[in-house]
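Subject: Structure handover

Hello,

Here is the structure for you to look through. My notes follow below it.

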Amino acid sequence: MAIQPIRLFGDPVLRTPAEPVKDFDKELRKLVKDLTDTMMDAPGAGLAAPQIGVGLRVFTYYVDDQLGHLINPDLNLSDECDEEGEEGCLSFPGLSFPTPRAIRAVATGFDMHGEPVTLEGTDLMARCFQHETDHLDGVLFIDRMDAAQRKLAMKAIREAPWSGLSAPAFKFSPHPTQGKAL
Ligand SMILES: [Zn+2]
């Protein structure tokens, strides 16, 4: 097992586009294993390499008892959308929000041995492919929400116990202020 710490919203690595994988080597296979172990431990339905601080275009998924990974993914999406489906993210622990996504996705890419792969997903699987591929572009699910939903989400995020965005608590000065608090 090689469980890695999951980076939380606010970490700049989550906003940095990841680089395509060029070398399908031992190191890449270790990355896929780390992602898989970390995702299963969380547990989560998907995990992208930037979420463990690695800037490579790799994600893992575990949806409907199907475990897999995809490298250098490319997506082809249906026009039909699910506007209401709830979505969460391991980088936003404990929170989920309705996030619009295409209902069907065909994901092409490679496995860890460099073999071409085509994956087809509907509903949750399609949602997962879109969410994880977004991570590889530095895009987060809050970016996919409309303005009103994003406002609600940001409020919940600021109030979340893990959030570094919340305003600091009041701190009283240890020095006397002579009644002139500035
Ligand atoms: Zn996520």
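**Ser-163 and the segment after α3**

Ser-163 counts as buried, at 9% relative accessibility. Buried means under 20% relative accessible area, exposed over 50%, and partly exposed in between, with a 1.4 Å probe and protein chains only. Ser-163 sits in the segment after α3. A polar atom of its side chain lies 3.2 Å from the backbone oxygen of Ile-157. A polar contact here is a pair of N or O atoms within 3.5 Å; within protein, one must be able to donate a hydrogen and the other to accept it, and residues adjacent in sequence count only if both atoms are side-chain atoms. Leaving out residues up to four places away in sequence, Ser-163 touches Ile-157 and Arg-158. Contact means heavy atoms within 4.5 Å.

**Ground rules**

This is a predicted model: local features need pLDDT of at least 70, side-chain atom pairs count only at pLDDT 80 or more, and totals for chains, interfaces and linings use all residues. Residues are numbered from 1 along each chain as its sequence is written, and side-chain values use heavy atoms, with hydrogens and water left out.

**Overall layout**

The protein chain has three helices and nine strands. Helices (H or I, at least four residues) and strands (E, at least two) are DSSP runs, numbered from the N terminus. From the N terminus on, the order is α-β-β-β-β-β-β-β-β-β-α-α. Of the 182 residues in the protein chain, 43% are buried. Take the contacts between residues at least 6 apart in sequence: 63% of them join residues at least 24 apart.

Cys-89 and His-135 link distant parts of the chain, 46 residues apart. Cys-89 is in the loop between β5 (86–88) and β6 (96–98), and His-135 is in helix α2 (residues 123–136). Cys-89 is buried at 10% relative accessibility. His-135 is buried at 1%.

**Helix α2 and Glu-132**

Of the 14 residues of α2, 12 are buried, so the helix is largely enclosed by the rest of the structure. Among them are Met-125, Phe-129, His-131, Glu-132 and Leu-136. The length checks out: at 1.5 Å a residue α2 should span 20 Å, and its end C-alpha atoms are 20 Å apart. The expected span is 1.5 Å times one less than the number of residues. Just after α2, Gly-138 takes a positive phi of about 75 degrees.

Glu-132 is in this helix. UniProt, in an unreviewed entry, places the feature "active site" there. UniProt positions follow the numbering used here, feature names are shortened, and annotations may be inferred rather than shown by experiment. Glu-132 is buried, at 4% relative accessibility. Not counting residues up to four places away in sequence, Glu-132 touches Gly-46, Leu-47, Ala-48, Gln-51, Phe-59 and Thr-60. A polar atom of the Glu-132 side chain lies 3.3 Å from the backbone nitrogen of Ala-48.

**Nonpolar cores**

The largest nonpolar core has 16 residues. Those with the most contacts inside it are Phe-9, Phe-92, Phe-141, Ile-142, Ile-157 and Trp-162. Helix α3 (residues 147–159) gives the most to this core, with three residues. A second, separate core of 14 residues includes Leu-70, Ala-105, Leu-119 and Phe-129. A nonpolar core is a set of buried Ala, Val, Leu, Ile, Met, Phe, Trp, Tyr and Cys residues joined through side-chain atoms within 4.5 Å.

**Backbone points**

Most residues other than glycine have a negative phi, and most peptide bonds are trans. A cis peptide bond joins Ala-42 and Pro-43, with omega about -10 degrees. Pro-43 is in the loop between α1 (26–41) and β1 (46–48). Asp-64 has a positive phi of about 50 degrees. Asp-64 lies in the loop between β2 (58–63) and β3 (66–77) and is exposed, at 56% relative accessibility. Asn-72 has a positive phi near 50 degrees. Asn-72 is in strand β3 and is buried, with a relative accessible area of 19%.

Best wishes
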